[in-house]
Amino acid sequence: MALLGRTANGLFWMFRYIERAENMARLVDAGMRISLTNLSDEADEWQSILVSAGVEAAYRAKYDDFDVEHVLDFMLCDRDNPSSVRASIDIARTNGRMVRTALTRELWETVNDSWLAIQQRLGKRITTRELPAVVDLVKRQSALMRGAFHSTMLRNEIFDFCNLGAFIERADNTARILDVKYWLLLPEHSQVGSALDNFQWVSILRSVSAHRAYAWEYDGEFRAVNIIDFLMLNRRMPRSLAFSYGMIEDSLKFLDRNYDTNHPCRQTASAINKRLTDLTVREIIDGGLHEFLEQFVMDNNRLAQEIGQNYRFYPGA
Amino acid sequence: MTPFDEMLLGEDHVREPYQRFFEWFREQDAEGLGAKAAEAEAFFRRTGITFNVYGQEEAAERLIPFDLVPRIMAKAEWDRLAEGIEQRVIALNAFLDDIYHDREIVKAGKVPARLIEGNEAYLPQMQGFRPPGGVYTHIIGTDIVRVAEDEFYVLEDNARTPSGVSYMIENRETMMQMFPELFAQNRVRPVETYPHHLRRSLAAVAPPACAGTPTIAVLTPGIYNSAYFEHAFLADQMGVELIEGSDVSEIDGRIHMRTTEGYKPVDVIYRRVDDAFLDPKMFNPSSVLGIPGIMEVYKNGGITIANAPGTGISDDKAIYSYMPEIVEFYTGEKAKLQNVPTHRCAEDDSLAYVLEHLHELVVKEVHGSGGYGMLVGPAATKEERERFAAKLKERPGNYIAQPTLALSTVPILVDGGLAPRHVDLRPFVLVSDKVRIIPGGLTRVALKEGSLVVNSSQGGGTKDTWVLRD
């Protein structure tokens, strides 16, 4: 059966927003931990969290300070912030409703259930005391949605468009997190190796739920090259850029094979993936980590647009 | 006068179709049933079976309350109804064909010409056109009420885009999940085959341009429409695409949908978009819900639209009062299902009568739906009646009036056990190469004690409706 372009678009964004909701919750969690240590300037920390989330300008339009209550409200509950956890789940579910016919009953019901649970929990302001339970709820609901997705959906083009949304969003998120703290990872800085820096690195890893996994992969020593390698190039790390692009390229290949096409978006994805394969950490640092990440975020966005064009997500295509 | 109760005739006489259920019910404890009711609500909320209420932002999605006590009909009762319904939908289609062609019925003096030409629901664009298969109204929901053992009335023929069929199916699904033992004890005819019948029925009226297996799609106004859940549900159950206006374009005289692989032709569209919004080129030019150019494609045999545009002329409340004549004119038989006696306020004598008897009549707007523009005389205050009388005098042609019927009751589950509440019934009928009637339908129930308004937008609920096999 043919798949409508609008449906493919809905699937793509549904999964981008499911992914985004979880990323937001995790970023807030990481920010909270840093601010609790009192090692650094709290306002700075929250600001960099907001920048990582890509919502700093919107936040500043609403608040003059970086009061923890305001930040929590803005990133978790605020419907005016389209990337807040609550708004993200709302958009994910609205898209799910739109593409209801493409989803299994299990997946739709899980999404609807998660939406109900999260709407209810985030309907009022969250205090710092409640935060751990809230973050936990969001992570658990995300896991349920992903589980229903992986265990009940047919591996056809519907699956691939969902997958593309999830990994485009994830790659964007990981790249932003790294970019906000890139200066911490530069050689002149990492030689200092102070306790503060270690803690910052742990917080970066924590924001992608990978501080334990890092210890397994790299013997527990925090070295800039290892952290960059882990989050960017390690193909065993499910939130790394390379892992995300492996999934993206696979999905685009499946789609091309399925439709017997050869779309430009796959070539774009292959080129990005190849760069993540060929380059070493050293080369990335020498070429400028910040520049690399900036370019990556732009390329990732461009790929998302290209996918939309090639698969006729919008009218007029 | 006590209304006719379909379960209990007096204190301890249980009517035949309910006997097994009643025995079962007596063995249940109130607490257990209360828990089941909560379970049912959770089930509906989780599956997202909601309807949207316009203009209420916070409660944008609401559940239609579901009552656990089924409405049960014996085989003989149903068979009689089904016969009457079949006769009626055949007559409706014949009437539409006649209206859009030679108007023999007007020439014969059975229906006044002014009710056709001057009617908003009449579409001059359809004049002289016969849709594929000669079918105009493919999907009908005939609203029926009962007042006594053998007395049924048709309240309305919903011949445009009747909704509610998804509730019929989900209500059954819920009952089967919660009380499987009831279905082992009672032989209930299935309703879940409806989507299958709908698909076959639509495929059987493919347009001349269709080559091979017809491609079917459901056209929805989108996720903010009050019946969106149903649109998605039907598309899903039929295994066809759910499309919006922005998904399709007219290309080379056919309607094509934009897919990830390019444009693909569609043969049959089950549209849940009103006539006025269907084709901005021909009707409301500001519509973004429709498909520009679809009417021309339709008239050239490139697509089937179900229901056909312009079918509203047959379920118009002003036309309704002529249904006995219409049925007889086209079938040559007396109508098997009765009409509610109807006063046409456009006629002077009737208007005078209606104004004098407002306290005992139900007055309805000719083009209204959803129970908003109506007056239930006996339940209204004197002031409300006076206000309505003024509206009536101003535009009498806009209204019809009917006696307040003592609608039958079926018990619902309340804290203290069973309590009678008024019900109506909407069976769903498919017309195509043949007439397919799904045994059962949607029973709507007024949850407020004594209330006669069963509309979901005004506090009505629903029940599973059983037709027994024997």
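Helices (H or I, at least four residues) and strands (E, at least two) are taken here as DSSP runs, numbered from the N terminus. The model is a predicted one, in which local features need pLDDT of at least 70 and side-chain atom pairs count only at pLDDT 80 or more, whereas totals for chains, interfaces and linings use all residues. Residues are numbered from 1 along each chain as its sequence is written, and chains are lettered from A, and ligands numbered from 1, in the order in which they are written.

Chain A has 16 helices and zero strands. Its radius of gyration (taken over C-alpha atoms) is 19 Å, close to the 20 Å that the globule rule (2.2 Å times the number of residues to the power 0.38) gives for 317 residues, so chain A is as compact as a globular protein of that length. The C-alpha trace of chain A spans about 60 × 50 × 35 Å along its principal axes. Of the 317 residues in chain A, 50% are buried, a residue being counted as buried if 20 or more other C-beta atoms lie within 10 Å of its own, as exposed if 12 or fewer do, and as partly exposed in between, with C-beta atoms placed from the backbone. Two residues are in contact if their C-beta atoms, placed from the backbone, lie within 7 Å; among the contacts in chain A between residues at least 6 apart in sequence, 71% join residues at least 24 apart.

Asp260(A) is found in the loop between helix H13 (241-259) and helix H14 (264-278) of chain A, and is exposed, with 7 other C-beta atoms within 10 Å. Arg312(A) lies in the segment after helix H16 (289-310) of chain A, and is buried, with 22 other C-beta atoms within 10 Å.

Chain B has 16 helices and 25 strands. The radius of gyration of chain B is 22 Å, close to the 23 Å given by the globule rule for 470 residues, so this chain is as compact as a globular protein of that length. Its C-alpha trace spans about 65 × 60 × 50 Å along the principal axes, and buried residues make up 44% of the 470 residues.

Several strand pairings were assigned in chain B, two strands being paired if DSSP finds at least two bridges between them. An open sheet of four strands has the order S9-S8-S13-S14 (chain B), with parallel pairing; its edge strands, each pairing on one side only, are S9 and strand S14 (304-306) of chain B. Within this sheet, strand S8 (residues 216-219) of chain B pairs with S9(B) in the parallel sense over three bridges, and Ala217(B) stands opposite Glu241(B) in S9(B). A cis peptide bond, with omega about -10 degrees, joins Ala306(B) and Asn307(B), and Asn307(B) is found in the loop between S14 and helix H12 (312-315) of chain B.

Strand S17 (residues 361-365) and strand S19 (residues 399-403) of chain B pair in the antiparallel sense over five bridges, with Val363(B) opposite Ala401(B) in S19(B). Strand S5 (residues 66-73) of chain B is largely enclosed by the rest of the structure, because eight of its eight residues are buried. S5(B) pairs in the parallel sense with strand S25 (residues 460-467) of chain B over five bridges, and Asp67(B) stands opposite Lys463(B) in S25(B).

The contact between the chains takes 20 residues from chain B and 21 residues from chain A. Helix H2 (30-47), helix H9 (228-238), strand S9 (241-243) and strand S11 (254-259) of chain B each supply at least two residues of the side of chain B that touches chain A. The residues of that side divide into six nonpolar, five polar and nine charged, where Ala, Val, Leu, Ile, Met, Phe, Trp, Tyr, Cys and Pro count as nonpolar, Asp, Glu, Lys and Arg as charged, and the others, Gly among them, as polar.
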